[in-house]
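The sequence and the model are shown below.

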Amino acid sequence: RPGGTGVFTWDFDGKGFRTEVRVHEVEPPHRFVWSWGHEAANTTDPVTTVEFLLTERAGGGTTLLVRSAPA
């Protein structure tokens with residue numbers, strides 16, 4: 001839902017990473033816009049906005065367009 005938040009966590013080469021996620025726009029079932037980036041205490045890392053756009057393909061199937069840009 002717009003305004004929703006979450007956290008991504010992962011390990012890489014023995015180091016743990018954590019980043020906050022915020023949902024901006026939801027238009028079911030075609031569009032989803034969200035951002036991910038630094039934790040509130042770390043404002044030096046960039047924040048990236050990502051858009052997923054789904055469109056039906058003639059003859060069946062779905063096309064996924066992914067756009068991202070620094071916020």
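Rings of Phe, Tyr and Trp, the last by its six-membered ring, count as a pair if their centres lie within 6.5 Å. The model discussed here is predicted. By that criterion, the structure holds four aromatic pairs. One of them joins F8 and W34, with 5.8 Å from centre to centre and 80° between the planes. Planes over 60 degrees apart count as edge-to-face, and the F8–W34 pair is therefore assigned to that class.

This pair links distant parts of the chain: F8 belongs to strand β1 (residues 5-12) and W34 to strand β3 (residues 31-37), with the two residues 26 apart. F8 and W34 are also members of one aromatic cluster, together with F32 and F52.

The accessibility of the two paired residues is as follows.

| Residue | Relative accessible area | Class |
|---|---|---|
| F8 | 37% | partly exposed |
| W34 | 11% | buried |

Buried means under 20% relative accessible area, so W34 at 11% falls in that class. F8, at 37%, counts as partly exposed.

How many of the eight residues of β1 are buried? The number is zero, so β1 lies largely in the open.

Strand β1 also has a partner in β2 (residues 15-27): the two run antiparallel and are joined by eight bridges. Within this pairing, V7 has E20 of β2 as its bridge partner. β1 and β2 form a hairpin, and two residues lie between them. In the turn, D13 has a positive phi of about 50°.

Note on methods:
Residues numbered from 1 in each chain as written. Predicted model: local features only at pLDDT ≥ 70, side-chain atom pairs only at ≥ 80, totals over all residues. Heavy atoms only, no water. Phe/Tyr/Trp six-rings, centres within 6.5 Å; stacked < 30°, edge-to-face > 60°. Helix = DSSP H or I, 4+ residues; strand = E, 2+ residues; numbered from the N terminus. Buried < 20%, exposed > 50% of the residue type's maximum accessible area, 1.4 Å probe, protein only. Pairing = 2+ DSSP bridges.
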